[in-house]
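Student: I have a structure open and would like to go through it with you. Where do we start?
Tutor: Have it on screen, and we will begin with a term that comes up later.

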2 protein chains.
Amino acid sequence: MSSSDSVPFPIYLDNAASTPMLDEVMTEMLPYLKEHYGNPSSLHRFGRMTMRAIEKARTRVSSLIGCNRSEVIFTSGGTEANNLAIKGVADLVRKTNPEKKHIITSTMEHESILEAFRDLEGKGFEVEYLPVTKEAQIETTDLERILNDRTALVSIMFSNNEVGTIQRISELARVTHQKGGLFHTDAVQAVGKIRIDVKQLGVDLLSMSSHKINGPKGVGALYKREALKIAAIIHGGGQESTLRSGTENVHGIVGFGKACEIAAQRMGEYETKVSALRNHLIDRVLHEVPNSRLNCSTQNRIANIAHFTLFGVNGEDLIIKLDELGIAASTGSACSSRNQTSSHVLKAMGFSYAESTGSLRLSIGIMNTKVEIDQAVSILSKAVEELRKLSPFD
Amino acid sequence: MSSSDSVPFPIYLDNAASTPMLDEVMTEMLPYLKEHYGNPSSLHRFGRMTMRAIEKARTRVSSLIGCNRSEVIFTSGGTEANNLAIKGVADLVRKTNPEKKHIITSTMEHESILEAFRDLEGKGFEVEYLPVTKEAQIETTDLERILNDRTALVSIMFSNNEVGTIQRISELARVTHQKGGLFHTDAVQAVGKIRIDVKQLGVDLLSMSSHKINGPKGVGALYKREALKIAAIIHGGGQESTLRSGTENVHGIVGFGKACEIAAQRMGEYETKVSALRNHLIDRVLHEVPNSRLNCSTQNRIANIAHFTLFGVNGEDLIIKLDELGIAASTGSACSSRNQTSSHVLKAMGFSYAESTGSLRLSIGIMNTKVEIDQAVSILSKAVEELRKLSPFD
């Protein structure tokens, strides 16, 4: 452990990577970590108790996104939900409609989408990638142009995990359906942060994650429209209507359910509070940190993410410096931060080397305060100044 | 909730379905449910903290089974580990060695093995099922007979989840390797209960589950021999050496690691205590319950499972009756108990309808006591007598 770990006031501004669990979520989970340990498939009271808890959680999850209980499939997280949606459709299509080999996604999706598509590409599917604008928007006309009657599936993220832009999902789903394709959205960064009604959206499949909305890690869900058939990717005892076998992660599911219930109740508060903090953060950064730029300033964005370019600074150096000074931040996606590759999202947006090198993502959570934001900006300002002194701005 | 749920002394004898979590496991997990919520892929202190915890857990898991740390892949449980092993081998073989289409398993495997094989059968693999004896043993000569140089994979369970018999895994692995095949074992019911050294066993892949050894649900692991390459089934951010993407279930992994550490420390105690309780249970049942038979009385069996046939009694009726009277038991696998199909394991063993109908699996855990066993036998004896009165023994 480095000495920096002893700083007493770490300010956590990486809520798009993961969030602290709410006390109410913990309280709800504890009995299922202790006395209620039955296998939900067991017929005795221990099993009935945990099965009931799962079904209660399923109701809460379904309420948050406006679907039926039976349309929620619990998974081990957002990544598995994305894999299940994409491979589940592809695997069934391969058997029932083998000529439908065309699948579409965008260049700025999360790795779990891009890698699942790459896997299918290796198995004979034709993958097309939609371009994005410099404001990280997908043009519906671009999708319309490449859709054809061999298109099996289109997968477009609801809101981007690095820059926070929101896509016109209902419009994209509508044009996809007109051509006979299915539509999936990775809504891991959107669920719980913005009102979502899957029926109004008109999507066939939607992925969710618990730990992005102050629930526990290791659990998520896939919304699957009732009538739609997909194949499983994990086979076995037939749990989750045979679509996701394996003894259920009971305490995780219970915690996720509670997190969804709270998210539904506090949606208005979340949007108001978090976007106010985010706007305050943006105002101060742009005024107080020279040569800083807010990326994707469009109205169509999620409340919690602010993505900056700090010209003349190396993003990774900045994250490490901020960490030493007590701020947890990110250059972009946590998933790709360890392999130190430059962001495929910013590349897709056409960012130059200088624009993407100085990346900083600050993502706010329901637990952050204005005092923290103010403190963070002061520290950020100092950190950027110091780094620029070491490696002069050119 | 039925009135039976208020019985004050439920005795839990279904430890093969799931186990209560140890207090030490809970204590170890709690910080990772509360203050240490960072995404392990994040570069800042919150991320480093959880990444360190995962690596500590990995060391503990590897110690229990005698492998290197880098040979442990964390999954969401035993079912996923089984699916990853089987489909991971199959998917890679399909690309690199497409003529190796022959895969072998047995008729008494867990559903997660059988269904994964069935899935591959639908994708062009030739599946052969090894028969088992009435004592649930697989004959090595049977395997030798069907192995050929097109055999890609053999998967045989370490110990059976219904009747508890242990197979000669090292012998089966050896003959498989002689023919150039890979060997996987589903050791979900064996790890933590019997000394396992994967290097001595000579297996290529081995599946484990946390909630079967007093750890949390929702987590497990696959041992994969270092040099062996397999494909992933869940793609994305590249966690677990790219073999299992998705933000790690940190608290689950931490709990699993602790459960493995404790299992290693208490292995001798477990074997002695649990097998003594099991033998006491068997003695009393056979003496006090008329027309009862112990199945698979071979020496090659795991310490915690006792499987009986109680002639003239319907197993499901008995489980429900026992539940009312405060005992949690099972007819066999929890995974198949809700669809009420008769046991494929007993069918594989050649059991008649009368022999399999009266099935009762009692599985003992480290927390059970002799007083509980004694009380359970008295209740069982009464329950069987009552049921036989209702539906007279013929």
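This is a predicted model: local features need pLDDT of at least 70, side-chain atom pairs count only at pLDDT 80 or more; totals for chains, interfaces and linings use all residues.

Student: Where are the domain bounds in chain A?
Tutor: Domain 1 is assigned 8-16 + 267-390, and domain 2 is assigned 23-265. Their centres, taken over C-alpha atoms, are separated by 28 Å.

Student: How many residues are in contact across that boundary?
Tutor: On the domain 1 side of chain A there are 30, and they contact 33 residues of domain 2. The two domains bury about 2700 Å² between them, with 53% of it on carbon and sulfur atoms.

Student: Which residues of domain 1 lose the most area to domain 2 in chain A?
Tutor: Those are A:M267, A:I302 and A:H344, which together account for 26% of what the domain 1 side buries.

Student: Changing topic: what is the strand order in the open sheet of chain A?
Tutor: The order is β9-β10-β12, three strands with antiparallel pairing. β9 (292-295) and β12 (359-363) of chain A stand at the edges with a single partner strand each, so one side of each has no neighbour in the sheet. From one strand to the next, the twist averages 30°.

Student: How many bridges join β10 to β12 in chain A?
Tutor: There are 5 bridges between β10 (residues 305-310) and β12 of chain A. Within that pairing, A:T309 stands opposite A:S359 in β12.

Student: Which helix packs on the sheet?
Tutor: Helix α9 (residues 267-288) of chain A does, touching β9, β10 and β12 of chain A. The direction of α9 makes about 10° with that of β10.

Student: Now the two chains. What rotation superposes chain B on chain A?
Tutor: A rotation of 180° with 0.0 Å of shift along its axis, giving an RMSD of 0.0 Å. The two copies are therefore related as by a two-fold rotation axis.

Student: Which C-alpha of chain B is nearest the axis?
Tutor: That of B:S76, at 3.1 Å from the axis.

Student: And why do we say the copies meet through the same surface?
Tutor: Because 100% of the interface residues of chain B are also interface residues in chain A.

Definitions and conventions: Residues are numbered from 1 along each chain as its sequence is written. Chains are lettered from A and ligands numbered from 1 in the order in which they are written. Side-chain values use heavy atoms; hydrogens and water are left out. Copies are superposed by least squares on the C-alpha atoms of residues with pLDDT of at least 70 in both. Contact means heavy atoms within 4.5 Å. Two strands pair if DSSP finds at least two bridges between them. Helices (H or I, at least four residues) and strands (E, at least two) are DSSP runs, numbered from the N terminus. Axes are lines fitted to C-alpha atoms, for helices over the stretch in contact, and angles run from 0 to 180 degrees between N-to-C directions. Domain bounds come from an automatic or database domain assignment. Buried area is the accessible area (1.4 Å probe) that two parts lose on being put together, summed over both.
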